[in-house]
Amino acid sequence: MQNISFTLNDKLVKVSVEPQETLLDMLRERLDLTGTKKGCEKGDCGACTVILDGEAVNSCLVLAVQVDGKSVTTIEGLEKDGELDPIQQAFIDKGAVQCGYCIPGMILSSKALLDKNPSPTEEEIRTSISGNLCRCTGYVQIVDAIKSLVK
Amino acid sequence: MNDLTYIKPQNLQEALAELSKKNEATYILAGGTDILISLKEGNIKPQYLLDISELSEIKGIKQEGEYLVFGAATTMQSIAESPIVKEKLPCLVSAAIQMASPQIRVRATIAGNLVTGSPIADTVPMFRALDTVLEIQGTGKKREVKLDDFILGYRKVDLAAGEMVTAFKVPLLKANQKANFIKVGRRNALAISVLNMAVKLTFAADKTVESARVVLGGVAATSVRAKNLEAFLTGKKMTEEVVLEAGNVVLQDATPIGDIRATAEGRKVLLSSRMVRLLEEFIN
Ligand SMILES: Cc1cc2nc3c(=O)[nH]c(=O)nc-3n(C[C@H](O)[C@H](O)[C@H](O)COP(=O)(O)OP(=O)(O)OC[C@H]3O[C@@H](n4cnc5c(N)ncnc54)[C@H](O)[C@@H]3O)c2cc1C
Ligand code: FES
Ligand code: FES
(Lines give C-alpha, C1' and ligand atoms only; values in the text may rest on other atoms or scores of the structure.)
(Ligands and ions follow the chains in the order given, each with its own letter.)
Protein backbone atom coordinates (compact mmCIF):
# COMPACT_ATOMS: atom_id res chain seq x y z
CA MET A 1 0.00 0.00 0.00
CA GLN A 2 1.07 3.53 -0.71
CA ASN A 3 -0.14 6.67 1.06
CA ILE A 4 -1.20 9.58 -1.08
CA SER A 5 -2.84 12.92 -0.42
CA PHE A 6 -4.62 15.06 -2.96
CA THR A 7 -7.34 17.65 -3.30
CA LEU A 8 -10.67 16.03 -4.03
CA ASN A 9 -13.56 18.39 -4.78
CA ASP A 10 -11.75 21.22 -2.98
CA LYS A 11 -10.95 19.19 0.16
CA LEU A 12 -7.62 17.62 1.03
CA VAL A 13 -7.90 13.84 1.44
CA LYS A 14 -5.43 11.17 2.48
CA VAL A 15 -5.82 7.62 1.20
CA SER A 16 -3.86 4.36 1.19
CA VAL A 17 -3.97 2.68 -2.18
CA GLU A 18 -2.57 -0.34 -3.99
CA PRO A 19 0.01 0.56 -6.64
CA GLN A 20 -2.03 -0.90 -9.49
CA GLU A 21 -5.32 0.56 -8.32
CA THR A 22 -6.92 2.96 -10.79
CA LEU A 23 -8.19 6.40 -9.86
CA LEU A 24 -11.64 5.10 -10.87
CA ASP A 25 -11.55 2.22 -8.39
CA MET A 26 -10.20 4.40 -5.61
CA LEU A 27 -13.01 6.92 -6.11
CA ARG A 28 -15.75 4.33 -6.26
CA GLU A 29 -14.56 1.72 -3.83
CA ARG A 30 -12.45 3.47 -1.22
CA LEU A 31 -14.13 6.86 -1.24
CA ASP A 32 -17.68 5.76 -2.12
CA LEU A 33 -17.97 8.36 -4.85
CA THR A 34 -20.00 6.30 -7.26
CA GLY A 35 -21.06 9.26 -9.41
CA THR A 36 -17.99 8.49 -11.51
CA LYS A 37 -19.24 5.63 -13.68
CA LYS A 38 -17.45 2.46 -14.64
CA GLY A 39 -18.07 1.43 -18.24
CA CYS A 40 -15.49 -0.17 -20.51
CA GLU A 41 -12.46 0.34 -18.23
CA LYS A 42 -10.24 0.84 -21.27
CA GLY A 43 -10.60 4.42 -22.35
CA ASP A 44 -13.37 3.90 -24.91
CA CYS A 45 -16.55 5.19 -23.30
CA GLY A 46 -15.67 8.22 -21.15
CA ALA A 47 -18.15 7.28 -18.41
CA CYS A 48 -15.30 7.48 -15.89
CA THR A 49 -14.22 11.02 -16.89
CA VAL A 50 -13.03 13.27 -14.06
CA ILE A 51 -11.09 16.54 -14.09
CA LEU A 52 -7.45 16.19 -13.07
CA ASP A 53 -5.56 19.46 -12.66
CA GLY A 54 -7.96 21.20 -15.04
CA GLU A 55 -8.03 18.52 -17.75
CA ALA A 56 -10.68 15.90 -18.45
CA VAL A 57 -9.13 12.41 -18.16
CA ASN A 58 -10.38 8.83 -18.13
CA SER A 59 -10.04 7.81 -14.48
CA CYS A 60 -9.82 4.16 -15.57
CA LEU A 61 -6.50 5.00 -17.27
CA VAL A 62 -4.85 6.88 -14.41
CA LEU A 63 -3.35 5.14 -11.40
CA ALA A 64 -4.53 6.33 -8.01
CA VAL A 65 -0.90 6.88 -6.95
CA GLN A 66 -0.47 9.28 -9.85
CA VAL A 67 -2.85 11.86 -8.36
CA ASP A 68 -0.70 12.35 -5.27
CA GLY A 69 -0.39 16.11 -4.79
CA LYS A 70 -2.89 16.91 -7.51
CA SER A 71 -6.44 18.16 -7.71
CA VAL A 72 -9.36 15.99 -8.78
CA THR A 73 -12.94 17.08 -9.45
CA THR A 74 -15.72 14.51 -9.71
CA ILE A 75 -19.41 15.02 -10.40
CA GLU A 76 -20.04 15.11 -6.63
CA GLY A 77 -17.90 18.26 -6.43
CA LEU A 78 -20.02 20.38 -8.75
CA GLU A 79 -22.98 21.14 -6.55
CA LYS A 80 -22.26 24.12 -4.26
CA ASP A 81 -24.38 24.77 -1.10
CA GLY A 82 -27.27 22.71 -2.43
CA GLU A 83 -27.24 24.51 -5.77
CA LEU A 84 -26.53 22.55 -8.92
CA ASP A 85 -23.70 23.74 -11.11
CA PRO A 86 -25.01 25.69 -14.14
CA ILE A 87 -23.87 22.85 -16.39
CA GLN A 88 -25.91 20.32 -14.42
CA GLN A 89 -28.92 22.63 -14.51
CA ALA A 90 -28.55 23.17 -18.26
CA PHE A 91 -28.48 19.40 -18.90
CA ILE A 92 -31.76 19.07 -17.01
CA ASP A 93 -33.37 22.12 -18.62
CA LYS A 94 -32.50 20.96 -22.13
CA GLY A 95 -33.68 17.40 -21.57
CA ALA A 96 -30.17 16.08 -22.18
CA VAL A 97 -30.43 13.24 -19.66
CA GLN A 98 -32.05 9.90 -20.38
CA CYS A 99 -30.64 6.85 -18.56
CA GLY A 100 -27.95 9.12 -17.17
CA TYR A 101 -25.04 6.71 -17.26
CA CYS A 102 -22.87 8.85 -19.52
CA ILE A 103 -23.90 12.16 -17.97
CA PRO A 104 -21.32 12.66 -15.19
CA GLY A 105 -18.57 12.12 -17.75
CA MET A 106 -20.29 14.36 -20.31
CA ILE A 107 -20.66 17.13 -17.74
CA LEU A 108 -17.04 16.95 -16.61
CA SER A 109 -15.74 16.93 -20.20
CA SER A 110 -17.81 20.00 -21.00
CA LYS A 111 -16.84 21.67 -17.73
CA ALA A 112 -13.15 21.19 -18.53
CA LEU A 113 -13.81 22.88 -21.86
CA LEU A 114 -15.87 25.78 -20.49
CA ASP A 115 -13.42 26.44 -17.64
CA LYS A 116 -10.65 26.89 -20.20
CA ASN A 117 -12.70 28.48 -22.94
CA PRO A 118 -15.99 30.17 -21.95
CA SER A 119 -16.87 30.85 -25.61
CA PRO A 120 -16.31 27.62 -27.52
CA THR A 121 -17.62 27.07 -31.03
CA GLU A 122 -20.06 24.25 -31.74
CA GLU A 123 -17.19 22.27 -33.22
CA GLU A 124 -15.11 22.73 -30.08
CA ILE A 125 -18.08 21.58 -28.01
CA ARG A 126 -18.51 18.46 -30.13
CA THR A 127 -14.80 17.72 -29.92
CA SER A 128 -14.81 18.12 -26.14
CA ILE A 129 -17.37 15.33 -25.75
CA SER A 130 -16.05 13.15 -28.58
CA GLY A 131 -14.56 10.75 -26.03
CA ASN A 132 -17.88 10.32 -24.22
CA LEU A 133 -20.29 7.78 -25.62
CA CYS A 134 -24.02 8.11 -25.08
CA ARG A 135 -26.26 5.22 -26.06
CA CYS A 136 -29.51 7.09 -25.49
CA THR A 137 -29.71 10.69 -26.58
CA GLY A 138 -28.07 11.09 -29.98
CA TYR A 139 -26.06 13.99 -28.48
CA VAL A 140 -28.27 16.78 -29.86
CA GLN A 141 -29.72 17.86 -26.51
CA ILE A 142 -26.34 17.44 -24.86
CA VAL A 143 -24.73 19.82 -27.34
CA ASP A 144 -27.68 22.22 -26.90
CA ALA A 145 -27.22 22.18 -23.14
CA ILE A 146 -23.55 23.05 -23.41
CA LYS A 147 -24.26 25.69 -26.07
CA SER A 148 -26.75 27.39 -23.77
CA LEU A 149 -23.85 28.22 -21.41
CA VAL A 150 -21.58 29.78 -23.99
CA LYS A 151 -20.68 33.33 -23.01
CA MET B 1 -1.91 -9.73 -6.21
CA ASN B 2 1.58 -9.25 -7.57
CA ASP B 3 3.89 -6.95 -5.73
CA LEU B 4 4.17 -4.01 -8.00
CA THR B 5 6.14 -0.95 -6.98
CA TYR B 6 5.36 2.46 -8.41
CA ILE B 7 8.34 4.76 -8.72
CA LYS B 8 8.19 8.42 -9.60
CA PRO B 9 11.67 9.82 -10.17
CA GLN B 10 12.15 13.56 -9.65
CA ASN B 11 14.44 14.13 -12.61
CA LEU B 12 15.79 12.42 -15.70
CA GLN B 13 19.09 11.42 -14.03
CA GLU B 14 17.19 9.64 -11.29
CA ALA B 15 14.90 7.99 -13.84
CA LEU B 16 17.85 6.66 -15.83
CA ALA B 17 19.53 5.43 -12.65
CA GLU B 18 16.37 3.56 -11.62
CA LEU B 19 16.05 2.11 -15.09
CA SER B 20 19.61 0.74 -15.03
CA LYS B 21 19.31 -0.67 -11.49
CA LYS B 22 16.14 -2.59 -12.05
CA ASN B 23 15.43 -5.62 -14.17
CA GLU B 24 13.37 -6.72 -17.11
CA ALA B 25 10.19 -6.39 -15.11
CA THR B 26 10.68 -2.62 -14.98
CA TYR B 27 8.32 -0.79 -17.30
CA ILE B 28 8.27 2.84 -18.19
CA LEU B 29 4.90 4.48 -17.58
CA ALA B 30 4.27 7.61 -19.66
CA GLY B 31 0.65 8.52 -20.44
CA GLY B 32 -0.42 5.02 -19.47
CA THR B 33 -3.01 4.78 -22.23
CA ASP B 34 -1.46 1.62 -23.66
CA ILE B 35 0.43 0.15 -20.77
CA LEU B 36 -2.33 0.36 -18.16
CA ILE B 37 -4.57 -1.63 -20.48
CA SER B 38 -1.88 -4.32 -20.88
CA LEU B 39 -1.46 -4.31 -17.11
CA LYS B 40 -5.18 -4.76 -16.49
CA GLU B 41 -5.44 -7.49 -19.08
CA GLY B 42 -2.53 -9.30 -17.47
CA ASN B 43 -0.45 -9.21 -20.66
CA ILE B 44 2.46 -7.79 -18.72
CA LYS B 45 3.51 -8.43 -15.13
CA PRO B 46 5.67 -5.49 -14.15
CA GLN B 47 7.53 -5.44 -10.87
CA TYR B 48 8.34 -1.76 -11.17
CA LEU B 49 6.47 0.99 -12.95
CA LEU B 50 8.67 4.00 -13.56
CA ASP B 51 6.52 7.08 -14.09
CA ILE B 52 8.26 9.49 -16.48
CA SER B 53 5.16 11.45 -17.41
CA GLU B 54 6.12 14.56 -15.46
CA LEU B 55 9.86 14.80 -16.04
CA SER B 56 10.33 18.36 -17.26
CA GLU B 57 13.57 17.47 -19.13
CA ILE B 58 11.62 15.29 -21.55
CA LYS B 59 8.50 17.39 -21.95
CA GLY B 60 7.84 20.32 -24.24
CA ILE B 61 8.86 21.54 -27.66
CA LYS B 62 11.67 23.88 -28.63
CA GLN B 63 13.50 24.97 -31.74
CA GLU B 64 17.20 24.08 -31.91
CA GLY B 65 18.80 25.31 -35.10
CA GLU B 66 17.30 23.45 -38.04
CA TYR B 67 15.30 21.13 -35.78
CA LEU B 68 12.14 21.23 -33.75
CA VAL B 69 12.91 19.10 -30.70
CA PHE B 70 10.04 17.33 -28.95
CA GLY B 71 10.61 15.88 -25.48
CA ALA B 72 9.67 12.19 -25.55
CA ALA B 73 6.95 12.68 -22.92
CA THR B 74 5.28 15.48 -24.87
CA THR B 75 1.56 14.79 -25.13
CA MET B 76 -0.64 14.84 -28.20
CA GLN B 77 -2.56 17.70 -26.62
CA SER B 78 0.52 19.87 -26.22
CA ILE B 79 1.45 19.27 -29.86
CA ALA B 80 -2.07 20.18 -30.96
CA GLU B 81 -1.93 23.41 -28.93
CA SER B 82 1.65 24.43 -29.68
CA PRO B 83 1.96 27.68 -31.65
CA ILE B 84 5.42 26.74 -32.92
CA VAL B 85 4.27 23.34 -34.22
CA LYS B 86 1.21 24.93 -35.80
CA GLU B 87 3.47 27.37 -37.58
CA LYS B 88 6.41 25.15 -38.55
CA LEU B 89 5.01 21.62 -38.80
CA PRO B 90 1.21 21.77 -39.05
CA CYS B 91 1.22 18.23 -40.48
CA LEU B 92 2.12 16.97 -37.00
CA VAL B 93 -0.76 18.88 -35.45
CA SER B 94 -3.00 17.14 -37.91
CA ALA B 95 -1.70 13.70 -36.85
CA ALA B 96 -1.86 14.45 -33.12
CA ILE B 97 -5.33 15.95 -33.15
CA GLN B 98 -6.90 13.05 -35.00
CA MET B 99 -5.79 10.61 -32.37
CA ALA B 100 -8.27 9.08 -29.93
CA SER B 101 -10.28 11.43 -27.71
CA PRO B 102 -9.50 14.59 -25.71
CA GLN B 103 -9.16 12.54 -22.52
CA ILE B 104 -6.58 10.29 -24.17
CA ARG B 105 -4.73 13.08 -26.02
CA VAL B 106 -4.04 14.94 -22.82
CA ARG B 107 -2.19 11.90 -21.40
CA ALA B 108 -0.83 10.05 -24.45
CA THR B 109 2.81 10.79 -25.29
CA ILE B 110 4.71 10.56 -28.57
CA ALA B 111 7.26 8.09 -27.17
CA GLY B 112 4.47 5.88 -25.84
CA ASN B 113 2.82 5.94 -29.25
CA LEU B 114 6.09 4.88 -30.86
CA VAL B 115 7.42 2.34 -28.36
CA THR B 116 4.11 0.53 -28.10
CA GLY B 117 4.99 -0.46 -31.66
CA SER B 118 1.48 -0.67 -33.01
CA PRO B 119 1.43 -0.81 -36.83
CA ILE B 120 -1.29 1.83 -36.82
CA ALA B 121 0.14 4.27 -34.30
CA ASP B 122 -1.05 7.64 -35.56
CA THR B 123 1.97 9.85 -35.07
CA VAL B 124 4.63 7.43 -36.28
CA PRO B 125 4.16 7.75 -40.09
CA MET B 126 4.36 11.54 -39.96
CA PHE B 127 7.44 11.56 -37.72
CA ARG B 128 9.02 9.01 -40.07
CA ALA B 129 8.17 10.91 -43.23
CA LEU B 130 9.74 13.99 -41.65
CA ASP B 131 12.98 12.04 -41.19
CA THR B 132 12.95 12.29 -37.42
CA VAL B 133 16.02 11.42 -35.39
CA LEU B 134 15.49 9.97 -31.92
CA GLU B 135 17.62 10.77 -28.95
CA ILE B 136 18.03 7.78 -26.64
CA GLN B 137 19.61 7.80 -23.20
CA GLY B 138 20.84 5.27 -20.70
CA THR B 139 22.91 6.09 -17.62
CA GLY B 140 26.00 7.89 -18.77
CA LYS B 141 25.31 7.34 -22.44
CA LYS B 142 23.38 9.06 -25.13
CA ARG B 143 22.90 8.03 -28.74
CA GLU B 144 20.93 9.10 -31.74
CA VAL B 145 19.14 6.84 -34.19
CA LYS B 146 16.98 7.53 -37.19
CA LEU B 147 13.36 6.70 -36.57
CA ASP B 148 13.44 4.58 -39.75
CA ASP B 149 16.09 2.35 -38.16
CA PHE B 150 14.55 2.32 -34.69
CA ILE B 151 11.52 0.29 -35.77
CA LEU B 152 12.68 -3.33 -36.07
CA GLY B 153 9.49 -5.34 -36.43
CA TYR B 154 6.07 -6.01 -35.05
CA ARG B 155 6.12 -4.38 -31.61
CA LYS B 156 9.94 -4.50 -31.69
CA VAL B 157 12.12 -1.43 -31.40
CA ASP B 158 15.83 -0.72 -31.02
CA LEU B 159 15.98 -0.07 -27.27
CA ALA B 160 18.45 -1.83 -24.98
CA ALA B 161 17.82 -2.58 -21.31
CA GLY B 162 18.25 0.57 -19.27
CA GLU B 163 17.55 2.89 -22.19
CA MET B 164 14.67 5.24 -22.85
CA VAL B 165 13.71 7.55 -25.64
CA THR B 166 14.30 11.12 -24.50
CA ALA B 167 13.63 13.31 -27.55
CA PHE B 168 12.36 13.44 -31.13
CA LYS B 169 14.44 15.76 -33.33
CA VAL B 170 12.42 16.77 -36.37
CA PRO B 171 14.09 18.68 -39.22
CA LEU B 172 12.16 21.85 -40.00
CA LEU B 173 10.60 22.04 -43.45
CA LYS B 174 12.54 24.14 -45.92
CA ALA B 175 10.88 26.50 -48.38
CA ASN B 176 10.98 23.81 -51.09
CA GLN B 177 9.50 21.08 -48.88
CA LYS B 178 5.95 20.17 -48.07
CA ALA B 179 4.45 17.47 -45.85
CA ASN B 180 1.06 16.12 -44.91
CA PHE B 181 -0.79 13.33 -43.12
CA ILE B 182 -4.08 11.55 -43.64
CA LYS B 183 -5.91 9.08 -41.43
CA VAL B 184 -8.65 6.79 -42.58
CA GLY B 185 -10.69 5.56 -39.67
CA ARG B 186 -14.16 4.16 -39.37
CA ARG B 187 -15.21 6.58 -36.69
CA ASN B 188 -13.54 9.87 -36.07
CA ALA B 189 -13.11 9.81 -32.34
CA LEU B 190 -11.55 6.74 -30.80
CA ALA B 191 -11.08 4.93 -34.07
CA ILE B 192 -7.72 3.29 -34.08
CA SER B 193 -6.79 4.00 -37.71
CA VAL B 194 -7.65 1.51 -40.38
CA LEU B 195 -4.89 3.13 -42.40
CA ASN B 196 -2.76 6.18 -42.09
CA MET B 197 -0.19 7.72 -44.39
CA ALA B 198 2.28 10.56 -44.41
CA VAL B 199 4.22 12.23 -47.19
CA LYS B 200 7.09 14.68 -47.39
CA LEU B 201 8.23 15.97 -50.76
CA THR B 202 11.26 18.06 -51.62
CA PHE B 203 11.00 20.03 -54.85
CA ALA B 204 13.76 21.10 -57.22
CA ALA B 205 13.80 24.60 -58.74
CA ASP B 206 11.95 23.33 -61.84
CA LYS B 207 9.15 21.99 -59.61
CA THR B 208 10.03 18.35 -60.18
CA VAL B 209 10.18 16.16 -57.10
CA GLU B 210 13.79 15.96 -55.94
CA SER B 211 13.09 13.44 -53.21
CA ALA B 212 10.06 11.81 -51.65
CA ARG B 213 9.40 10.16 -48.31
CA VAL B 214 6.14 8.27 -48.06
CA VAL B 215 5.18 6.19 -45.00
CA LEU B 216 2.18 3.89 -44.69
CA GLY B 217 0.63 2.65 -41.46
CA GLY B 218 -1.82 -0.22 -41.08
CA VAL B 219 -0.71 -2.16 -44.15
CA ALA B 220 1.95 -4.36 -42.56
CA ALA B 221 3.34 -5.42 -39.18
CA THR B 222 5.01 -2.04 -38.80
CA SER B 223 4.65 1.26 -40.57
CA VAL B 224 6.58 1.01 -43.87
CA ARG B 225 8.29 3.30 -46.35
CA ALA B 226 6.54 3.16 -49.73
CA LYS B 227 9.77 2.76 -51.69
CA ASN B 228 8.17 2.07 -55.07
CA LEU B 229 6.00 5.12 -54.80
CA GLU B 230 8.93 7.24 -53.63
CA ALA B 231 10.94 6.15 -56.68
CA PHE B 232 7.97 6.75 -58.98
CA LEU B 233 7.47 10.31 -57.73
CA THR B 234 11.13 11.27 -57.84
CA GLY B 235 11.95 13.37 -60.89
CA LYS B 236 8.29 13.96 -61.79
CA LYS B 237 6.18 17.09 -61.69
CA MET B 238 3.15 16.72 -59.45
CA THR B 239 0.37 16.75 -62.06
CA GLU B 240 -3.08 15.25 -61.91
CA GLU B 241 -1.98 12.27 -64.05
CA VAL B 242 1.03 11.56 -61.86
CA VAL B 243 -1.12 11.67 -58.74
CA LEU B 244 -3.68 9.29 -60.23
CA GLU B 245 -0.97 6.86 -61.29
CA ALA B 246 0.53 7.11 -57.78
CA GLY B 247 -2.67 5.58 -56.48
CA ASN B 248 -1.82 2.43 -58.45
CA VAL B 249 1.89 2.43 -57.74
CA VAL B 250 1.34 2.50 -53.99
CA LEU B 251 -0.26 -0.94 -54.19
CA GLN B 252 3.17 -2.36 -55.05
CA ASP B 253 4.33 -1.17 -51.66
CA ALA B 254 1.70 -2.76 -49.52
CA THR B 255 -0.15 -6.00 -49.06
CA PRO B 256 -2.95 -4.88 -46.81
CA ILE B 257 -4.36 -7.57 -44.58
CA GLY B 258 -7.97 -8.08 -43.58
CA ASP B 259 -8.96 -7.93 -39.93
CA ILE B 260 -11.95 -6.99 -37.81
CA ARG B 261 -11.73 -3.37 -38.91
CA ALA B 262 -11.60 -3.79 -42.70
CA THR B 263 -11.21 -6.44 -45.40
CA ALA B 264 -7.99 -6.70 -47.40
CA GLU B 265 -9.75 -5.66 -50.61
CA GLY B 266 -11.40 -2.75 -48.84
CA ARG B 267 -8.04 -1.60 -47.53
CA LYS B 268 -6.53 -1.66 -51.04
CA VAL B 269 -9.25 0.56 -52.42
CA LEU B 270 -8.88 2.89 -49.45
CA LEU B 271 -5.12 2.96 -49.78
CA SER B 272 -5.27 3.93 -53.47
CA SER B 273 -8.00 6.49 -53.17
CA ARG B 274 -6.66 8.18 -50.05
CA MET B 275 -3.14 8.31 -51.39
CA VAL B 276 -4.55 10.14 -54.41
CA ARG B 277 -6.39 12.52 -52.12
CA LEU B 278 -3.32 13.12 -49.97
CA LEU B 279 -1.09 13.77 -53.00
CA GLU B 280 -3.62 16.06 -54.67
CA GLU B 281 -2.57 18.69 -52.14
CA PHE B 282 0.91 18.61 -53.62
CA ILE B 283 -0.14 19.34 -57.22
CA ASN B 284 1.62 22.51 -58.37
C1 LIG C 1 -9.47 4.53 -26.17
C2 LIG C 1 -8.14 4.61 -26.85
C3 LIG C 1 -8.05 5.13 -28.12
C4 LIG C 1 -6.82 5.19 -28.76
N5 LIG C 1 -6.78 5.73 -30.01
C6 LIG C 1 -5.59 5.81 -30.64
C7 LIG C 1 -5.51 6.39 -31.94
O8 LIG C 1 -6.50 6.86 -32.51
N9 LIG C 1 -4.31 6.40 -32.55
C10 LIG C 1 -3.19 5.91 -31.95
O11 LIG C 1 -2.13 5.98 -32.54
N12 LIG C 1 -3.22 5.37 -30.72
C13 LIG C 1 -4.40 5.31 -30.05
N14 LIG C 1 -4.44 4.75 -28.80
C15 LIG C 1 -3.22 4.17 -28.21
C16 LIG C 1 -2.42 5.07 -27.24
O17 LIG C 1 -3.21 6.08 -26.69
C18 LIG C 1 -1.21 5.71 -27.92
O19 LIG C 1 -0.39 4.73 -28.47
C20 LIG C 1 -0.41 6.60 -26.96
O21 LIG C 1 0.37 7.50 -27.68
C22 LIG C 1 0.49 5.83 -26.02
O23 LIG C 1 1.25 6.75 -25.26
P24 LIG C 1 1.32 6.70 -23.67
O25 LIG C 1 2.16 7.82 -23.24
O26 LIG C 1 -0.02 6.61 -23.09
O27 LIG C 1 2.10 5.32 -23.49
P28 LIG C 1 2.21 4.33 -22.24
O29 LIG C 1 1.02 3.49 -22.19
O30 LIG C 1 2.61 5.07 -21.02
O31 LIG C 1 3.44 3.48 -22.74
C32 LIG C 1 3.37 2.69 -23.92
C33 LIG C 1 4.67 1.89 -24.08
O34 LIG C 1 5.75 2.75 -24.38
C35 LIG C 1 6.79 2.62 -23.42
N36 LIG C 1 7.36 3.96 -23.26
C37 LIG C 1 6.67 5.11 -23.00
N38 LIG C 1 7.51 6.17 -23.01
C39 LIG C 1 8.75 5.69 -23.27
C40 LIG C 1 10.05 6.30 -23.43
N41 LIG C 1 10.23 7.62 -23.30
N42 LIG C 1 11.11 5.51 -23.71
C43 LIG C 1 10.94 4.16 -23.85
N44 LIG C 1 9.75 3.53 -23.72
C45 LIG C 1 8.66 4.29 -23.44
C46 LIG C 1 6.11 2.06 -22.19
O47 LIG C 1 7.00 1.34 -21.37
C48 LIG C 1 5.07 1.16 -22.82
O49 LIG C 1 5.64 -0.06 -23.20
C50 LIG C 1 -5.65 4.71 -28.12
C51 LIG C 1 -5.73 4.20 -26.82
C52 LIG C 1 -6.96 4.14 -26.18
C53 LIG C 1 -7.03 3.61 -24.79
S1 FES D 1 -14.67 3.29 -18.04
FE2 FES D 1 -13.05 4.63 -18.45
S3 FES D 1 -13.40 5.15 -20.49
FE4 FES D 1 -14.86 3.61 -20.21
S1 FES E 1 -28.17 9.19 -21.33
FE2 FES E 1 -28.01 7.03 -21.42
S3 FES E 1 -25.97 6.74 -22.12
FE4 FES E 1 -26.24 8.86 -22.27
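Author: We will go through the domains of one chain, then the contact between two chains. Keep in mind that this is a predicted model.

Reader: OK, which domains does the assignment give for chain A?
Author: Domain 1 covers 2-77 and domain 2 covers 86-147. Their centres, taken over C-alpha atoms, are 20 Å apart.

Reader: How many residues does each domain put into the contact?
Author: Domain 1 of chain A gives 17 residues. Domain 2 of chain A gives 13 residues.

Reader: And how much area do the two domains bury between them?
Author: About 1200 Å². Carbon and sulfur atoms account for 62% of that.

Reader: Which residues of domain 1 lose the most area to domain 2 of chain A?
Author: Thr49(A), Ile51(A) and Ile75(A). Together they make up 38% of what the domain 1 side buries.

Reader: What about charges? How many salt bridges are there across the interface of the two domains?
Author: The rule finds one between domain 1 and domain 2 of chain A. Separately, Lys116(A) and Glu55(A) form a salt bridge, with their closest N and O atoms 2.7 Å apart. Lys116(A) lies at a position inside 86-147, and Glu55(A) inside 2-77.

Reader: Which strands supply the domain 1 side?
Author: Strand E3 (49-52) and strand E4 (55-58) of chain A each supply at least two residues. E3(A) gives the most, with three residues.

Reader: How does that side divide by class?
Author: On the side of domain 1 that touches domain 2 of chain A, six residues are nonpolar, seven are polar and four are charged.

Reader: New topic. How many residues of chain B are in contact with chain A?
Author: 27 residues of chain B, and they meet 30 residues of chain A. The area buried between the chains is about 2100 Å². Carbon and sulfur atoms give 57% of it.

Reader: Which residue forms a salt bridge with Lys70(A)?
Author: Glu54(B). The closest N and O atoms of Glu54(B) and Lys70(A) are 2.9 Å apart. The rule finds one salt bridge across the interface of chain B and chain A. It also finds seven residue pairs in polar contact there, both residues at pLDDT 80 or more.

Reader: Which elements of chain B supply its side?
Author: Helix H2 (35-41), strand E3 (48-51) and helix H6 (102-105) of chain B each supply at least two residues. By class, the chain B side has 14 nonpolar, six polar and seven charged residues.

Terms used
Residues are numbered from 1 along each chain as its sequence is written. Chains are lettered from A and ligands numbered from 1 in the order in which they are written. This is a predicted model: local features need pLDDT of at least 70, side-chain atom pairs count only at pLDDT 80 or more; totals for chains, interfaces and linings use all residues. Side-chain values use heavy atoms; hydrogens and water are left out. Domain bounds come from an automatic or database domain assignment. Contact means heavy atoms within 4.5 Å. Buried area is the accessible area (1.4 Å probe) that two parts lose on being put together, summed over both. A salt bridge is a side-chain nitrogen of Lys or Arg within 4 Å of a carboxyl oxygen of Asp or Glu. Helices (H or I, at least four residues) and strands (E, at least two) are DSSP runs, numbered from the N terminus. Ala, Val, Leu, Ile, Met, Phe, Trp, Tyr, Cys and Pro count as nonpolar, Asp, Glu, Lys and Arg as charged, and the others, Gly among them, as polar. A polar contact is a pair of N or O atoms within 3.5 Å; within protein, one must be able to donate a hydrogen and the other to accept it, and residues adjacent in sequence count only if both atoms are side-chain atoms.
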